[in-house]
Amino acid sequence: MCSMEGTQMSQSRSICPGFVLVIDLNIRRSDQRVDRTTKSYHFCHGYALLNRVNSTQLEDQPPSGVLSLDQILPSKRDVDKIVEDFEVLVSRALVKFMSEYHDEKEFVTWHIPSSHAKEMSSQSVTVPLCVQTKNEACIKEMAEILDGLSDYVPLKSSPDETIQRIPRIIYGDQLTVACTRGAATLCSSDLIEDKQLKGFVEVVSDWHTRLCLVTILVDRLYSSKSGSDKSSLFQLKQLVHRSSFGKQPKNNMKATEDFLEVVLFAHIMAAAKNLKAPLNSEHSCIDLAKKLVAKFISISIPSFVATGNPYSGDTHISNDSVYSYAIDILTMGLFWYGFRDAVREGDGDRIILYWKFLLSIFRQEKHHNYANEGFLFIAQTLLLSPRRLCEIQWSRTVNTTGRIGKNIPVDLHMEHLNCRLKIMIRSLGANVSPNTVKRASKALAIVDVVRLQFLKDDNDKVQNKDHHTRPSFQKDLSLIEQQLTTDNVFTQLENRQHKTFPNYKPFLQSIKWDNICEWLKGKISNYNAY
């Protein structure tokens with residue numbers, strides 16, 4: 001590992017250790033004795049991530065000024081950008097799944113361009129770091145973890161000949177970032193300068209954030225009591241026998257997102273057929289996507305930050321709860337899918353755009369911790385220096401394959417490393433101890449190289465590709481789309497109700513902006529004072 005670090009340090013690109021601090025292992029004794037009881041080991045695992053975008057030429061001086069409410073809240077321009085994203089996502093679905101548009105593939109944008117698309121399609125360089133036998137949930141031990149990581153924080157000489165630490169980014173889920181910030185605050189008043197834990201910028205990452213978003217979506221739309229409500233999420237699950245999908249997305253995130261993807265595409269197809277039906281009219285794929293979004297998508301924003309009227313389709317809230325429920329699946333489904341697409345492309349600008357809406361969504365649904373992290377993240381994008389802003393925008397993802405659109409969040413890559421490390425630990429059997437776990441973590445990078453070499457030899461491939469094939473969901477899609485079309489969910493009918501979801505209101509139309517603005521004013525006041 002040392003030779004790898006030395007090689008990377010010599011490169012012209014800047015190094016940003018994207019530390020993600022997650023791993024908890026409980027080791028239970030199979031033969032318990034008085035002196036051999038169950039042990040709970042709390043290990044902290046991380047890795048360093050090399051920046052793919054060169055930020056060394058950018059200014060490292062933070063901008064002057066203070067936060068204001070209109071900088072944090074989404075604007076009319078932000079809504080327009082989200083709508084443009086939705087139109088692209090809808091056009092892709094129409095071309096892929098509606099036979100009459102198959103020949104329009106060349107007109108569809110399959111990868112939304114960004115200012116650093118080339119760099120984001122290159123393979124990432126990561127270096128696993130040694131496990132630390134500390135518990136991140138304990139502030140005192142988290143301070144010791146950060147003290148160990150401070151060895152990776154580079155130093156520079158300032159004009160007055162004092163030594164300063166170059167800020168490094170630490171990524172993690174909400175708990176990790178909050179504990180890191182708490183430990184750094186606790187040690188900031190230490191009399192010994194080296195113990196003050198300066199030089200870290202804590203930034204929340206995107207996979208656990210997406211898990212929180214999916215949890216909100218499922219909480220709103222899924223109920224095991226709604227089996228008699230046609231076209232409800234639970235009824236559609238029963239229709240296609242998705243037993244792996246349930247109320248707790250964290251138990252099987254992959255199965256949850258797979259089902260939501262099928263349901264979203266089916267709603268897009270049903271909505272498109274509803275638009276074409278009256279006159280049996282012909283539309284190009286792009287035109288139909290724009291009309292579909294204009295007709296069915298409605299997003300509200302605070303009136304005082306809007307230039308003109310907020311973007312909306314059918315602005316009134318219908319008394320047809322079946323229609324409103326279908327609209328919400330379409331809107332929130334596109335929002336979730338757009339956020340995931342932004343991460344896959346590694347598009348830092350779009351990720352920040354979605355975060356401006358996520359902040360309000362988390363606050364509305366009382367996920368206060370993620371709402372707080374969302375506020376701090378948006379504040380960082382406004383008040384950090386251009387160089388640090390570039391790092392938190394374009395170092396949020398890892399591309400293990402070197403292909404376009406194949407980025408994953410930094411914390412999801414950490415979960416993959418944790419999974420491989422746990423496999424190595426289980427193979428130790430009764431020899432598990434803090435020392436053997438440390439040795440296993442040091443060998444993780446080498447073991448991964450050997451694994452990829454075996455894959456290359458076995459498959460007779462030139463390139464190392466972790467590529468997973470997925471079975472077709474065309475049959476599932478057809479069944480769900482037929483159900484939606486039969487139930488006519490995209491036609492408004494008077495006083496139609498789901499028994500389990502009476503008087504349903506689309507989420508992005510019913511955000512209580514007054515409450516959110518009052519909360520943000522308090523946060524901004526405290527932040528500016530600090």
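This report walks through a predicted protein model, from the whole chain down to a few single residues.

**The chain as a whole**

The protein chain has 530 residues, and 52% of them are buried. Its secondary structure comes to 18 helices and eleven strands. If you take the contacts between residues at least 6 apart in sequence, 77% of them join residues at least 24 apart. The accessible surface comes to about 25,000 Å², and carbon and sulfur atoms account for 51% of that area.

Now look for spaces inside the model. A search of the whole structure finds six cavities of 30 Å³ or more. Which residues line the second largest cavity? They are Leu217, Leu221, Leu260, Val263, Leu264, Ile329, Gly333 and Trp336. By class, the lining has seven nonpolar residues, one polar residue and no charged ones.

Which element gives the most to the lining of the second largest pocket? That is H13, with eight residues. The pocket lining divides into 14 nonpolar, eleven polar and nine charged residues.

| Residue | Relative accessible area | Class |
|---|---|---|
| His208 | 13% | buried |
| Leu239 | 26% | partly exposed |
| His241 | 68% | exposed |
| Asn488 | 33% | partly exposed |

Start with His208, which lies in helix H7. Why does His208 count as buried? Its relative accessible area is 13%, and a residue is buried when this value is under 20%, so His208 belongs in that class. Leaving out residues up to four places away in sequence, His208 touches Asp173, Tyr370, Asp411 and Glu415. With Asp411, the side chain of His208 makes a polar contact, side chain to side chain, at 2.8 Å.

Leu239 sits in helix H8, which covers residues 233-240. Leu239 counts as partly exposed because its relative accessibility is 26%, a value between the 20% and 50% cut-offs. Where in space is Gln483 relative to Leu239? The two are 244 residues apart in sequence, yet their C-alpha atoms are 9.0 Å apart. Leu239 touches Gln483, as well as Leu479 and Ile480, when residues up to four places away in sequence are not counted.

Phi of His241 is near 60 degrees, a positive value in a residue other than glycine. For Asn488, phi is near 55 degrees, again positive in a residue other than glycine. His241 belongs to the loop between H8 and H9, while Asn488 is placed in the loop between helix H17 (474-487) and H18. His241 is exposed, at 68% relative accessibility, whereas Asn488 is partly exposed, at 33%.

Technical notes. Residues numbered from 1 in each chain as written. Predicted model: local features only at pLDDT ≥ 70, side-chain atom pairs only at ≥ 80, totals over all residues. Heavy atoms only, no water. 1 Å grid on protein atoms, 1.4 Å probe; cavity = no way out; pocket = protein on both sides within 12 Å on 5 of 7 lines; lining within 4 Å. Points joined across faces, edges and corners; volume = space filled by probe spheres on them. Nonpolar A, V, L, I, M, F, W, Y, C, P; charged D, E, K, R; others polar. Helix = DSSP H or I, 4+ residues; strand = E, 2+ residues; numbered from the N terminus. Buried < 20%, exposed > 50% of the residue type's maximum accessible area, 1.4 Å probe, protein only. Contact = heavy atoms within 4.5 Å. Areas by Shrake-Rupley, 256 points an atom, 1.4 Å probe, with all protein chains shown as cover. Polar contact = N/O pair within 3.5 Å; in protein donor to acceptor, adjacent residues only side chain to side chain.
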